[in-house]
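This briefing covers one protein chain, shown below as a sequence and a structure. The points that follow are grouped by topic.

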Amino acid sequence: MFKVGDYVVHGNSGVCQVEAIETMDSIGPDDKRVYYTLIPLYTSGSKFFVPTDSKKVVLRAVITKKEADKLLEDWDDIDTLWIENDKNREEIYKEALRSCDTREWVRLIKTSYQRNQSRMKRGKKATTSDERYLQMAEENLFGELAIPFKMTRGEAEDYLISVVRGKE
């Protein structure tokens, strides 16, 4: 169970901070459940309530600095997503995002980036779908990396780019 003040990753909402843990009435008067009150870090004015025992949406702790360092160290070894059929691309991208797994986000970013570069070399534009999912994966990843590195999301993006470019 998380504590008030903890940073968590919640489904497609990204990084949130636990503001409160409260018992609330559920469906019936005798049905009480414990809920986290979550405040998304990068969406102002938003707040939502998640049952502490919910199995519907991924809710996990933000990665540690050691895990973040390892992710960046492993960047080149993380494979791109295998997409055999272009018609399945969007569903595979959605699944990678919903997993709330930083390695899956990296796979999505690398896949979409490489696909965009390939299309540009052939004189084509990036697809709207690739651009949209690339942006969502980057926002999730940079937002999460900002926490253990004690940076803003923009600083985390710059740092990641410098690390990845340093490996080239």
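Three aromatic pairs occur in the structure, which is a predicted model.

**Aromatic pairs**

- Phenylalanine 2 and tyrosine 36 form a tilted pair, with 5.7 Å from centre to centre and 55° between the planes.
- Phenylalanine 2 belongs to the segment before strand S1 (7-10) and tyrosine 36 to strand S3 (residues 32-40), so this pair ties together parts that are 34 residues apart in sequence.
- Tyrosine 36 has 2% relative accessibility and counts as buried, the cut-off for buried being under 20%.
- In the pair of phenylalanine 149 and tyrosine 159, the ring centres are 5.1 Å apart and the planes stand at 70°, so the pair is edge-to-face; the angle has to be over 60 degrees for that class.
- Phenylalanine 149 is in helix H4 and tyrosine 159 in helix H5, so the pair ties together parts that are ten residues apart in sequence.

**Nonpolar cores**

- The largest nonpolar core consists of 30 residues, and Trp75, Leu108, Leu141, Leu145 and Leu160 have the most contacts inside it.
- At least two residues of this core come from each of helix H1 (65-73), helix H2 (89-98), helix H3 (102-121), helix H4 (128-149) and helix H5 (153-167).
- H4 supplies the largest share of this core, eight residues.
- Another core, of eight residues, lies apart from the largest one and includes Phe2, Val18, Tyr36 and Phe48.
- Two residues of this other core, Phe2 and Tyr36, are also the partners of the tilted aromatic pair.
- In soluble globular proteins, nonpolar side chains tend to be buried together.

**Contact of H2 with H4**

- The axes of H2 and H4 come within 11 Å and cross at roughly 10°.
- The two helices H2 and H4 are therefore roughly parallel to each other, a description that applies to angles under 35 degrees.
- On the H2 side, the contact is made by Arg89, Glu90, Tyr93, Lys94 and Leu97.
- On the H4 side, the residues of the contact are Ser129, Asp130, Arg132, Tyr133, Met136, Ala137 and Asn140.
- By class, the residues of this contact divide into five nonpolar, two polar and five charged.

**Serine 112**

- Serine 112 is located in helix H3.
- At 0% relative accessibility, serine 112 counts as buried.
- Leaving aside residues up to four places away in sequence, serine 112 touches Tyr93, Asp130 and Leu134.
- Two of these partners, Tyr93 and Asp130, also take part in the contact of H2 with H4.

- Cysteine 100 is not a glycine, yet has a positive phi of about 60°.
- Cysteine 100 is placed in the loop between H2 and H3 and, at 1% relative accessibility, counts as buried.
- Lysine 150 likewise is not a glycine and has a positive phi, of about 55°.
- The loop between H4 and H5 holds lysine 150.
- At 75% relative accessibility, lysine 150 counts as exposed, for which the value must be over 50%.

**Aspartate 69**

- Aspartate 69 lies in helix H1 and, at 30% relative accessibility, counts as partly exposed.
- Aspartate 69 and tryptophan 82 are 13 residues apart along the chain, and their C-alpha atoms are separated by 25 Å.

**Overall layout**

- The protein contains five helices and five strands.
- Read from the N terminus on, the elements run β-β-β-β-β-α-α-α-α-α.
- Taken along the principal axes, the C-alpha atoms fill a box of roughly 65 × 35 × 30 Å.
- Of the 168 residues in the protein, 38% are buried.
- Among contacts between residues at least 6 apart in sequence, 53% join residues at least 24 apart.

Note on methods:
Residues numbered from 1 in each chain as written. Predicted model: local features only at pLDDT ≥ 70, side-chain atom pairs only at ≥ 80, totals over all residues. Heavy atoms only, no water. Core = buried A, V, L, I, M, F, W, Y, C linked by side-chain atoms within 4.5 Å. Buried < 20%, exposed > 50% of the residue type's maximum accessible area, 1.4 Å probe, protein only. Helix = DSSP H or I, 4+ residues; strand = E, 2+ residues; numbered from the N terminus. Axes fitted to C-alpha atoms, helices over the stretch in contact; angles between N-to-C directions. Parallel < 35°, antiparallel > 145°, perpendicular 65-115°, else oblique. Contact = heavy atoms within 4.5 Å. Nonpolar A, V, L, I, M, F, W, Y, C, P; charged D, E, K, R; others polar. Phe/Tyr/Trp six-rings, centres within 6.5 Å; stacked < 30°, edge-to-face > 60°.
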